[in-house]
Amino acid sequence: MFKAKAYSATSATSPLASTTIPRREVTEHDVQIEILFCGICRSDLHTVRNEWSEFMPTVYPCVPGHEIVGRVSKVGAAVTRFKPGDTAAVGCMVDSDRTCPECQAGLEQFCPNLILTFNSPDKHLEGVTYGGYSESVVVDEHFVLRVPANLNLAGTAPLLCAGITTYSPMRRWCVSKGEKVGVVGLGGLGHMAVKFAHTLGTHVVAFTTSPAKKEAALRLGADEVVLSRHADEMRKHAGSFDFILDAVSADHDINAYINLLRRDGNLTLVGAPAKPLAVAAFGLIMRRRSFSGSNIGGIAETQEMLDFCGTHNITADVEVIPIQKVNEAYERLLMSDVKYRFSIDMASLKSE
Ligand code: NAP
Ligand code: ZN
């Protein structure tokens, strides 16, 4: 075991602060990564503040962060895919049982014994897993991803959650050229969804509550931007979408979007507001529409997404911050005030 610098929260109401955490020495199949950048996902904030207490209560101290990019510093004897000096990435998962039908199907995110990057039981050390707001992390090589050489690393970190979470449902629902696709909520996830939908050749309509994001959404690849609080703008799109991805982090009217789907259209929810959403039966049954959910993506698909980003030169639009600004960043996230992802420069942790 060795000590690593990190930032943790000690309760649902305390700010994140400097600390040290234990990390395990590499075992046979492990890769040790010195973290260069870690994105700030809204899920970090949901967890730190115990907003999902009903589904996944937070264990404190909590070190969040599951959008990790870094440099390999050490590998175990049996590791074949990585060597010291390689660039590597870790997303939301660090282990699973690898024998269940979900794992065998490459859908580790649905494994009943899934170990998330933070706030999951740590089978190597006592307590829970600690995430990427840290100088290093030790992860089984199966859960370590390769990063295409052409991608900017600060902008690559968010691909590990915001990227795969939006890429996976578009693949699942076979989103393809010529379709009309809606993206609701232009945050970290939503802005990646706009980029992917645009690259897949669809007609992209971005729905936002923030008038200030209108111009930028067009630059990201949206063909149209709708201010979702304007009912007349919404009405113009009734019954016209093949697919809508909803990435809103708070309570909102889901029926307003279900009504925009054509017959057999699908709305996939990736946003995870704590409060249940009310779905009107008639919105679904009258046009055989479907409403579904999606959870990140499997390891093979995450690698496919990174390679897709390498081919198309896609990264997240990031605001790079030092770790000392993380509490301020959380407050700004709550006000939808980030274009479009904070990426923490982990070199800033050295001065702590
Ligand atoms: P984010 O960057 O904060 O973006 C959320 C966006 O939702 C905001 O930028 C805002 O967009 C919109 N929004 C916020 N409050 C709203 C309100 N009251 N009414 C309407 N719109 C509102 O968050 P994120 O990191 O993209 O995450 C989004 C959600 O997905 C979170 O709940 C997160 O936990 C969840 N998530 C799920 C998965 C999964 O696997 N399913 C993975 C990662 C994250 P506008 O300013 O454009 O309106
Ligand atoms: Zn996330």
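Predicted model: local features only at pLDDT ≥ 70, side-chain atom pairs only at ≥ 80, totals over all residues.

Biologist: Which residues coordinate the zinc ion (ligand 2)?

Modeller: Donors are N, O and S atoms within 2.8 Å of the metal (3.2 Å for Na, K and Ca), and water is not among the atoms, so sites may look incomplete. The donor residues are spaced C-x24-H-x94-C in sequence. At 2.0 to 2.2 Å, the zinc ion is held by C41 (SG), H66 (NE2) and C161 (SG).

Biologist: Is C161 buried or exposed?

Modeller: C161 sits in the loop between α3 (153-156) and α4 (162-172), while H66 is in the loop between α1 (42-48) and β4 (68-75), 95 residues apart. Helices (H or I, at least four residues) and strands (E, at least two) are DSSP runs, numbered from the N terminus. H66 has 8% relative accessibility, so it is buried. C161 has 5% relative accessibility, so the word for it is buried.

Biologist: How are α4 and α10 oriented to each other?

Modeller: Axes are lines fitted to C-alpha atoms, for helices over the stretch in contact, with angles from 0 to 180 degrees between N-to-C directions. The axes of α4 and α10 (residues 299-312) come within 10 Å and cross at roughly 100 degrees. Angles under 35 degrees count as roughly parallel, over 145 as roughly antiparallel, 65 to 115 as roughly perpendicular and the rest as oblique. The two helices, α4 and α10, are therefore roughly perpendicular.

Biologist: Which residues of α10 does α4 meet?

Modeller: Contact means heavy atoms within 4.5 Å. From α4 come G163, I164, Y167, S168 and R171, and on the α10 side they meet E301, T302, E304, M305 and F308.

Biologist: How many aromatic pairs turn up in the whole structure?

Modeller: Rings of Phe, Tyr and Trp (its six-membered ring) pair if their centres lie within 6.5 Å; planes under 30 degrees apart count as stacked, over 60 as edge-to-face and the rest as tilted. Y167, F196 and F308 form one aromatic cluster. The search of the whole structure gives five aromatic pairs.

Biologist: What is the angle between the planes of F207 and Y257?

Modeller: F207 is in strand β11 (residues 203-208) and Y257 in helix α8 (residues 255-258), 50 residues apart. F207 is buried because its relative accessibility is 1%, and Y257 is buried because its value is 5%. Their rings are edge-to-face, 5.3 Å centre to centre, and the angle between the planes is 80 degrees.

Biologist: What is the relative accessible area of H230?

Modeller: H230 lies in the loop between β12 (224-227) and α7 (231-235). H230 counts as partly exposed because its relative accessible area is 38%.

Biologist: And which residues does S136 contact, leaving aside neighbours within four places in sequence?

Modeller: S136 is in strand β8. With 1% relative accessibility, S136 counts as buried. Its contacts beyond those neighbours are F2, A4, R23, I33, E34 and I35.

Technical notes:
Residues numbered from 1 in each chain as written. Chains lettered and ligands numbered in written order. Heavy atoms only, no water. Buried < 20%, exposed > 50% of the residue type's maximum accessible area, 1.4 Å probe, protein only.
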